[in-house]
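Colleague: I have not looked at this one before. Can you take me through it?

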Amino acid sequence: MSSLVFVFLSFIQPDLDQQEYMLQAVNNVRARGCKCGDTIMRPAEPVVWNETLYSSAKSHAKYLRSKRRLTHYGRNGEDIGTRITKTGYKWKVVGENLGEGQKTFKEVLWDWLESPSHCKMLMNPKVEEMAVARIGNYWVQHFGKKAKR
């Protein structure tokens with residue numbers, strides 16, 4: 001894929017090319033493995049895009065923009081698990097990365113990889129799905145693995 005740079009406009013869902021670009025960038029890192037702070041992270045299986053995770057990420061990005069600050073807690077102090085459960089996503093594992101101020105996905109991905117906790121979430125071998133939303137200056141990346149029924 002060419003070195004496309006995607007910038008989302010406020011409430012517009014990323015199109016298939018944008019989704020593929022983000023997945024490819026994340027999965028390239030997961031395939032190689034990397035160092036997250038002092039921790040060597042082994043290669044991990046690729047993740048796939050999930051629309052329900054996108055919906056939850058977009059909702060939280062809207063909330064962050066309304067509050068004008070980063071927080072892993074939503075309205076009424078809801079954590080990531082509670083927020084994703086409310087979308088109907090039946091999960092076994094969930095996770096969240098946040099960013100503020102980056103202009104492109106490449107920039108926010110770099111920042112996540114430079115942060116040990118964000119990097120470890122991105123490399124978590126237990127997650128199988130992800131989505132990314134950007135509203136204004138706020139980025140939200142949600143990860144999940146569905147619970148078996």
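Modeller: We can go through the disulfide, a helix pair and the core. This is a predicted model, where local features need pLDDT of at least 70, side-chain atom pairs count only at pLDDT 80 or more, and totals for chains, interfaces and linings use all residues. Residues are numbered from 1 along each chain as its sequence is written, and side-chain values use heavy atoms, without hydrogens and water.

Colleague: Which cysteines form a disulfide?

Modeller: Cys-36 and Cys-119 do, with their sulfur atoms 2.0 Å apart; the cut-off is a pair of cysteine sulfur atoms within 2.5 Å. The pair links distant parts of the chain, 83 residues apart: Cys-36 is in strand β1 (residues 34-36) and Cys-119 in helix α5 (residues 116-123). Helices (H or I, at least four residues) and strands (E, at least two) are DSSP runs, numbered from the N terminus.

Colleague: Are those two buried or exposed?

Modeller: Both Cys-36 and Cys-119 are buried, meaning under 20% relative accessible area with a 1.4 Å probe, protein chains only.

Colleague: New topic. At what angle do α4 and α5 pack?

Modeller: Helix α4 (residues 105-114) and α5 pack at about 105 degrees, their axes 5 Å apart. Axes are lines fitted to C-alpha atoms, for helices over the stretch in contact, and angles run from 0 to 180 degrees between N-to-C directions.

Colleague: And the core?

Modeller: The largest nonpolar core has 41 residues. It is a set of buried Ala, Val, Leu, Ile, Met, Phe, Trp, Tyr and Cys residues joined through side-chain atoms within 4.5 Å.

Conventions. Buried < 20%, exposed > 50% of the residue type's maximum accessible area, 1.4 Å probe, protein only.
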